[in-house]
Amino acid sequence: MKVRSIIDKLYKENNATSEELLFILNNLNPEDKEYLVEKAHETRMRTYGDKVYMRGLIEFTNYCVRNCVYCGIRAENKDADRYRLTEEQILECADLGDSLGYKTYVLQGGEDPYFTDERMVSIIKNIKKRHPKNAITISLGERSYESYEKMFKAGADRYLLRHETASKELYDKLHPNATFENRRKCLGDLKEIGYQIGAGFMVGIPGQTNEDLVKDLLYVKELQPHMCGIGPFIPHKDTPLKDYEGGSLEDTTTMLALIRLLLPAVLLPATTALGSIDPQGREKGIKAGGNVVMPNLSPTNVREKYSLYDGKICTGDEAAECRKCIEGRINRAGFKVEITRGDNVTFAQENNIDQKPEPVNNINLSFVK
Ligand code: SF4
């Protein structure tokens with residue numbers, strides 16, 4: 001078996017066996033890595049061209065009832081400075097985002113029971129009333145089928161729920177008082193309801209093996225999510241994993257490239273976590289097949305409080321500065337920002353969603369220094 005011949009097979013067939021994927025992970029040398037990234041890039045150029053989609057991230061609550069051992073806003077962290085945005089504040093973020101050219105919002109928070117179905121439905125409906133053409137992505141953890149359905153009927157388009165790890169043993173160690181089975185059930189429910197769904201996993205979490213990462217790749221291939229969020233594990237000082245080493249940029253970009261080859265049409269973010277472990281992390285993620293960035297739209301006074309891991313970048317920048325910075329980075333990396341909802345290309349075709357971009361000159365960033 002040769003690494004390059006498996007990469008060639010992945011490029012042609014978008015598939016590989018667990019043995020082949022494990023062989024790549026165990027034997028990838030720098031030259032083969034370059035080849036892998038090249039093939040992932042060619043694949044993204046075929047499906048999405050040089051376009052990169054932007055999502056305006058609104059981190060609206062850092063309260064959470066769960067205790068994921070790697071997370072800085074876990075319930076047991078008494079040092080977390082908790083906040084919730086009001087509906088009015090969330091709507092202001094959405095207005096600002098629209099004026100900056102974000103046609104998708106990601107409303108993200110911990111599992112916070114304060115945000116009942118009624119409150120979420122009201123927020124979603126009011127955003128849609130003001131910005132009917134914009135897409136809404138929710139990322140609010142595990143909820144009931146009925147809850148997901150109510151938010152979908154109110155106008156939510158997409159739901160992000162990383163599966164975190166496809167190894168049951170590892171999942172159980174990392175997520176006290178939660179079950180591997182329910183996580184998967186939630187992803188199935190979301191898909192059945194009609195959301196564009198996002199799964200995803202961490203790279204470099206303590207105890208994770210290459211075999212575990214192969215399980216992630218195969219699970220994502222089987223689930224066929226519309227999006228897949230992959231980020232390095234980064235330790236947070238107030239968690240039980242504070243003394244462990246974080247995941248690496250190299251391992252994370254390898255997983256991004258493999259996912260691009262397995263699912264050519266997937267929306268693949270170059271995450272803020274990647275940008276936090278390397279100044280060029282997001283650019284390298286985009287070059288390895290990533291086609292989404294999620295700059296922050298949350299008010300600057302709460303940014304630092306949404307602290308899932310240490311060393312998070314962009315916590316002090318105004319939304320307009322982030323917008324300008326990220327576009328410059330994307331352009332310098334040889335790609336282009338497109339002002340559109342940026343739906344999954346297969347989903348858009350199947351559902352006749354208009355993917356025509358809006359003219360960039362509608363966006364005025366001249367006031368940003
Ligand atoms: S990872 Fe999500 S669910 Fe887990 S503690 Fe953090 S915010 Fe809560």
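**Strand S7 and the cores**

Mentor: In this predicted model, six of the six residues of strand S7 (residues 227–232) are buried, so the strand is largely enclosed by the rest of the structure.

Trainee: Which residues point which way from S7?

Mentor: Met227, Gly229 and Gly231 point one way, while Cys228, Ile230 and Pro232 point the other way. In a regular strand, side chains alternate between the two faces of the sheet.

Trainee: How many bridges join S6 to S7, and do they run parallel or antiparallel?

Mentor: Strand S6 (residues 196–203) is joined to S7 by six bridges, and the two run parallel. Gly198 stands opposite Met227 in S7.

Trainee: What does the chain go through as it crosses from S6 to S7?

Mentor: Helix H9 (residues 210–223), in a β-α-β crossover that is right-handed.

Trainee: Changing topic. Which residues have the most contacts inside the largest nonpolar core?

Mentor: Leu107 and Ile138, in a core of 64 residues. Helix H5 (residues 117–130) gives the largest share of this core, five residues.

Trainee: And what does Leu107 touch?

Mentor: Leaving aside residues up to four places away in sequence, its contacts include Ile58, Phe60, Ile90, Met120 and Ile138. Apart from that core lies another, of 32 residues, among them Leu10, Ala16, Val214 and Val266.

Trainee: What about the whole chain: how many helices and strands?

Mentor: The protein has 15 helices and nine strands. Of its 369 residues, 59% count as buried.

Note on methods:
Residues numbered from 1 in each chain as written. Predicted model: local features only at pLDDT ≥ 70, side-chain atom pairs only at ≥ 80, totals over all residues. Heavy atoms only, no water. Core = buried A, V, L, I, M, F, W, Y, C linked by side-chain atoms within 4.5 Å. Buried < 20%, exposed > 50% of the residue type's maximum accessible area, 1.4 Å probe, protein only. Helix = DSSP H or I, 4+ residues; strand = E, 2+ residues; numbered from the N terminus. Contact = heavy atoms within 4.5 Å. Pairing = 2+ DSSP bridges. Right-handed = clockwise from strand over helix to strand, strands pointing away.
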